[in-house]
Structures are given as C-alpha cells and as structure tokens.
Amino acid sequence: MENLDATDIQILKRLQADSNINIKELAAELFLTTTPVYERIKRLEREGYIMKYVALLDKKKLKLGMTVFCNVRLKEHARNVGANFVKDIVALPEIIECYNIAGDYDFMLKILVEDVASYQDFVMNKLSTIENIGNTQTIFVMGEIKNSTALHF
C-alpha cells in the first residue's frame, strides 16, 4: 500500500463498486483528465492491485439459490495426498471457494447448488468419489445477511 496515494485508493474503491465505469466518468468524479486516470489504472493492474474484472451474477436466476458450506477432514496429510485432493476439488464447478483451514477440519468448501436434492446428488456422485476424504460436515445456509466482494482498506 506504500505505493498508493489518495487518488489511487479512490480509483480502487470506485472500481470495486462498478468496474464497468468508463474512464471519462471516473476522471470527472476525481476532477482529473482521462489520461492520468487511465495511466493510474494500468499501473494498478501491472502492480497486481487490480487482479481482474468480473460480472457478479444472480445465483437465484441461474438456479443456484442454495449455498452450502462443507467442512472436510482428510484421512491422511501427506503432501501428494493433499495435492491430489486440491486438484480434484478445483475441477468441481459447484465448489466456488475452497479454504485450507485450521481446527477440527482441513478444508472448508463453499458450494452452490439448486436445492437439497442437487446437493445430495453432488455429494453422492462427485464429492464422495474423491479419495482420502475422512469425514465431512455440511452446513446449509438459511439466509444471507451480508455478501460483499469489496475489500475495505
């Protein structure tokens, strides 16, 4: 963050709110001309502050309205066994996030499916085929209170 000034931070915050804003609008909001704003954005991309631009989709409209967290404990913790587990998890599109965690479980998976039946099918036909899973704990999300992609700094 030592390379960021107040204008850079404003740009990052504004792009988080709407990455589709055009340079002309952003420059007007910042009371700058378009060229320095464009150059700042390109520098922020080059330096890795901006990793990529995405569209946020409506899960319910896409029939993925059920969010499930699944904690996974592995049977073994050898390096190659863990690497194989990660490779298998990354290949499953229903899993949108995977975290290596500390505590009673080794991994926490965030899974999007249509409904309970879809989750059951996912577990029976995909998750259970992955080797080295010792045990799992499923948590069904009853309601979403806060969901944000914005980083606060």
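This briefing describes the pockets, selected residues and aromatic pairs of the structure above. The model is a predicted one. Its largest pocket has a volume of about 1200 Å³, and the second largest pocket holds about 200 Å³ of space. Three aromatic pairs are counted.

**Largest pocket**

- The largest pocket, with its volume of about 1200 Å³, is lined by 32 residues, of which Lys-52, Val-54, Leu-56, Thr-149 and Ala-150 are the closest to its centre.
- At least two lining residues come from each of helix H1 (6–17), strand E2 (95–100) and strand E3 (107–113).
- Helix H1 contributes the most to this lining, with four residues.
- By class, the lining of the largest pocket comprises 20 nonpolar, six polar and six charged residues.

**Second largest pocket**

- The lining of the second largest pocket includes Leu-57, Asp-58, Lys-59 and Lys-60, together with Gly-65 and Thr-67.
- Val-141, Met-142, Gly-143, Glu-144 and Asn-147 also line the second largest pocket.
- Three nonpolar, four polar and four charged residues make up the lining of this second pocket.

**Asp-115, between E3 and H5**

- Asp-115 sits in the loop that connects E3 with helix H5 (116–125).
- Its relative accessible area is 32%, so Asp-115 counts as partly exposed.
- A polar atom of the Asp-115 side chain lies 3.3 Å from the backbone nitrogen of Ala-117.
- Asp-115 and Val-68 are 47 residues apart along the chain, and their C-alpha atoms are separated by 9.7 Å.

**Residues with positive phi**

- Most residues other than glycine have a negative phi.
- Lys-63, which is not a glycine, has a positive phi of about 60°.
- Lys-63 is placed in the loop between helix H3 (34–46) and strand E1 (66–74).
- Lys-63 counts as exposed because its relative accessibility is 53%, where the cut-off for exposed is over 50%.
- Asn-132, likewise a residue other than glycine, has a positive phi near 80°.
- The loop between H5 and strand E4 (133–140) contains Asn-132.
- With a relative accessible area of 12%, Asn-132 is buried, since buried means under 20%.

**Asn-71 in strand E1**

- Asn-71 belongs to strand E1.
- The relative accessible area of Asn-71 is 6%, and this residue is therefore buried.
- The side chains of Asn-71 and Gln-137 make a polar contact at 2.8 Å.
- Leaving aside residues up to four places away in sequence, Asn-71 touches Ile-101, Tyr-105, Phe-107, Met-108, Asn-135, Thr-136, Gln-137 and Ile-139.

**Aromatic pairs**

- The count of aromatic pairs comes to three.
- One of them joins Phe-85 and Phe-107 in a tilted arrangement, with 4.6 Å from centre to centre and 40° between the planes.
- Because Phe-85 lies in helix H4 (residues 79–90) and Phe-107 in strand E3, this pair ties together parts that are 22 residues apart in sequence.
- Phe-85 and Phe-107 are both buried.
- Tyr-119, Phe-122 and Phe-140 are linked into a cluster by ring pairs.

How values were computed:
Residues are numbered from 1 along each chain as its sequence is written. This is a predicted model: local features need pLDDT of at least 70, side-chain atom pairs count only at pLDDT 80 or more; totals for chains, interfaces and linings use all residues. Side-chain values use heavy atoms; hydrogens and water are left out. On a 1 Å grid over the protein atoms alone, a cavity is a set of points where a 1.4 Å probe fits but cannot get out, and a pocket is an open set with protein on both sides within 12 Å along at least five of seven lines; lining residues have an atom within 4 Å of a point. Grid points are joined across faces, edges and corners, and a volume is the space filled by probe spheres set on the points. Ala, Val, Leu, Ile, Met, Phe, Trp, Tyr, Cys and Pro count as nonpolar, Asp, Glu, Lys and Arg as charged, and the others, Gly among them, as polar. Buried means under 20% relative accessible area, exposed over 50%, partly exposed in between (1.4 Å probe, protein chains only). A polar contact is a pair of N or O atoms within 3.5 Å; within protein, one must be able to donate a hydrogen and the other to accept it, and residues adjacent in sequence count only if both atoms are side-chain atoms. Contact means heavy atoms within 4.5 Å. Rings of Phe, Tyr and Trp (its six-membered ring) pair if their centres lie within 6.5 Å; planes under 30 degrees apart count as stacked, over 60 as edge-to-face and the rest as tilted.
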